[in-house]
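Here's a quick briefing on the fold you're about to see. Have a look at the model, then run through the points below.

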Amino acid sequence: MPPTALADRQFAEAHEPLVFTDSKLVYFSSVSENTLRFVEKLQMDSARIPLHAHEPKLITNAPYVLLIPTYGGDRGKRSILPQIMKFLGYEENRRNLRGVIGAGNTNFGEYYCIAAKRIAEKCNVPVLYKFELMGTPEDVLRVREGLETFWTPASQKQQKP
């Protein structure tokens with residue numbers, strides 16, 4: 001990229017509109033909205049990572065759990081979408097991340113929920129739960145109850161080194 005193009009890009013990124021959230025659950029859902037439907041069933045305060053480049057960028061102000069799907073069965077390549085990578089590109093969002101929940105397709109075999117596994121490993125946080133596609137009513141219950149327990153003060157003390 002030529003220096004002027006790089007400078008123009010850096011200027012644009014520095015002046016992007018931002019939205020801040022204190023939600024303890026942040027998620028990404030594509031146009032299929034499978035993940036959105038799962039999150040709606042949780043009936044919890046949540047924030048959605050922007051789908052389109054023209055939308056304001058999401059910045060976390062507080063600790064949160066990330067819920068994401070895995071895309072593509074091509075041996076895990078491109079399993080983490082650019083929107084998620086851009087979201088995690090903000091230092092505040094990496095710093096506030098406490099755990100990952102993955103949605104996936106068991107047809108991907110060993111690459112089932114690989115996006116959640118890779119992010120958890122890279123950011124040094126646990127994979128808290130994995131579910132297939134849109135999840136079952138049992139998955140919804142387990143995630144809701146698990147997150148309630150995860151955010152209790154006693155649980156938070158146990159997580160600190």
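This is a predicted model: local features need pLDDT of at least 70, side-chain atom pairs count only at pLDDT 80 or more; totals for chains, interfaces and linings use all residues.

Residues are numbered from 1 along each chain as its sequence is written, and side-chain values use heavy atoms, with hydrogens and water left out.

**The sheet**
- An open sheet is built from 5 strands in the order β3-β2-β5-β6-β7, with parallel pairing; two strands pair if DSSP finds at least two bridges between them.
- β3 (47-48) and β7 (127-132) sit at the edges with a single partner strand each, so one side of each has no neighbour in the sheet.
- β2 (residues 25-27) and β5 (residues 64-69) pair in the parallel sense over 3 bridges, and V26 has L66 as its bridge partner in β5.

**Helices across the sheet**
- Helix α3 (residues 82-89) lies across β2, β5 and β6 (97-104), running at about 160° to β5. Axes here are lines fitted to C-alpha atoms, for helices over the stretch in contact, and angles run from 0 to 180 degrees between N-to-C directions.
- Helix α5 (residues 114-123) lies across β5, β6 and β7, at about 165° to β6.

**The cores**
- A nonpolar core is a set of buried Ala, Val, Leu, Ile, Met, Phe, Trp, Tyr and Cys residues joined through side-chain atoms within 4.5 Å; buried means under 20% relative accessible area (1.4 Å probe, protein chains only).
- The largest such core has 21 residues, and L66 and I119 have the most contacts inside it.
- β5, α3, β6 and α5 each supply at least two residues of this core, with the largest share, 4 residues, coming from α5.
- Apart from this core lies another, of 17 residues, among them Y27, F38, V39 and Y129.
- What does L66 touch, leaving aside its neighbours within four places in sequence? Its contacts (heavy atoms within 4.5 Å) include V26, F87, L97, I101 and I119.

**Whole-chain numbers**
- Of the 161 residues in the protein chain, 41% count as buried.
- Among contacts between residues at least 6 apart in sequence, 68% join residues at least 24 apart.

Conventions:
Buried means under 20% relative accessible area, exposed over 50%, partly exposed in between (1.4 Å probe, protein chains only).
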